Amino acid sequence: MSEKPEKLIDKKGLRLDGRKPDELRPIKIEVGVLSNADGSAYIEHGKNKILAAAFGPREMHPKHLTLPDRMVLRCRYHMAPFSVQERKSPAPSRREIELSKVIREALEPAVFVEYYPRTGVDIFIEVLQADGGTRCASITAAALALADAGIPMRDLVAACAAGKVGDTVVLDLMDTEDKVGSADVPVAIMPNLNAVTLLQMDGILTFEEFERAVDLAIEGCKKIYAVQKEALKARYMAVKQEEEVEE
Ligand code: ADP
């Protein structure tokens with residue numbers, strides 16, 4: 001574990017990694033990275049490195065979980081044993097089970113589940129390196145894996161957290177800020193539908209601080225959405241080029 005820093009915000013108002021309060025960490029996304037998945041995406045969000053793979057729509061196993069009128073969306077969030085400084089047990093922890101549910105619920109409103117009755121879609125998320133905000137980065141990547149799998153969606157889902165460190169409301173907390181800071185507010189949105197699909201709060205904020213954090217997180221989500229769109233476009237340009245070469 002890293003030692004507790006004295007100050008999370010310096011005299012110039014900059015954070016431990018030199019960011020301004022309303023600045024995102026650098027984000028890189030690649031879509032279609034796994035050839036054995038129906039859809040996939042890889043995200044680097046600051047030091048977080050996360051892979052998401054989507055499979056389906058396909059027959060459900062076990063079959064008794066099948067629903068007659070809609071597709072069942074399942075999600076497994078998993079942290080690799082080497083993803084944090086101290087080895088993490090590969091067995092699913094309570095936290096991973098909770099995050100799997102939270103991530104599924106953030107994605108589900110975007111999927112036309114009624115189009116594919118009696119089928120299932122599985123999303124597997126592997127956190128290869130964690131540095132705070134993995135649930136949000138996982139949602140961002142998983143939404144792209146679903147789109148890459150060709151699953152009809154109302155919108156993409158982009159996610160980002162805001163929170164409070166010292167006396168300042170800041171965007172996109174990294175691990176130390178998350179642990180030492182006083183509050184964390186993860187948010188996911190469907191940017192075109194202008195709808196929130198995830199809103200959590202860990203810590204204590206005044207009502208004004210909460211409003212500021214949510215506004216900041218939504219602005220962050222919109223910036224992440226622009227990166228998502230570019231990554232999807234790049235994927236389809238690559239597919240188009242491959243097809244042209246084959247013809
Ligand atoms: P999120 O990753 O969505 O912010 P949490 O707030 O639960 O979710 O976790 C914050 C951070 O704590 C994670 O991103 C990760 O860097 C770190 N963390 C989570 N689980 C462990 C663990 N078992 N060991 C060490 N660090 C962990």
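**Reading the model, feature by feature**

Tutor: Let's start with helix H2: 14 of its 15 residues are buried, so H2 is largely enclosed by the rest of the structure. Buried means under 20% relative accessible area, exposed over 50%, and partly exposed in between, using a 1.4 Å probe and protein chains only. Helices (H or I, at least four residues) and strands (E, at least two) are DSSP runs numbered from the N terminus.

Before going on, some ground rules: this is a predicted model, where local features need pLDDT of at least 70 and side-chain atom pairs count only at pLDDT 80 or more, while totals for chains, interfaces and linings use all residues. Residues are numbered from 1 along each chain as its sequence is written, and side-chain values use heavy atoms, with hydrogens and water left out.

Student: How many Å does H2 reach from its first C-alpha to its last?

Tutor: H2 covers residues 134–148 and reaches 21 Å, close to the 21 Å expected at 1.5 Å a residue. The expected span is 1.5 Å times one less than the number of residues. Just after H2, Gly-150 takes a positive phi of about 80 degrees.

Student: Which strands pair with S8?

Tutor: Two strands pair if DSSP finds at least two bridges between them. S8 pairs in the antiparallel sense with S6 over 7 bridges, with S9 (residues 195–199) over 4 bridges, and with S10 (residues 202–203) over 2 bridges. To find your place, look for Ala-158 opposite Ile-189 in S8, Met-190 opposite Ala-195 in S9, and Asp-184 opposite Asp-202 in S10.

Student: What sits between S8 and S9?

Tutor: The hairpin has 4 residues between the strands, and Asn-194 there takes a positive phi near 55 degrees. Asn-194 is exposed, with a relative accessible area of 66%. Arg-118, in the loop between H1 and strand S5 (120–129), also has a positive phi, near 60 degrees, and counts as exposed at 55% relative accessibility.

Student: How do you look for empty space inside?

Tutor: Rolling a probe the size of a water molecule over the atoms shows where empty space is left. On a 1 Å grid over the protein atoms alone, a cavity is a set of points where a 1.4 Å probe fits but cannot get out, and lining residues have an atom within 4 Å of a point. Here the count is 1 cavity of 30 Å³ or more, and the largest cavity holds about 60 Å³ of space. Its lining includes Arg-25, His-45, Asp-172 and Asp-184. Strand S6 (residues 158–165) gives the most to that lining, with 3 residues.

Methods: On a 1 Å grid over the protein atoms alone, a cavity is a set of points where a 1.4 Å probe fits but cannot get out, and a pocket is an open set with protein on both sides within 12 Å along at least five of seven lines; lining residues have an atom within 4 Å of a point. Grid points are joined across faces, edges and corners, and a volume is the space filled by probe spheres set on the points.
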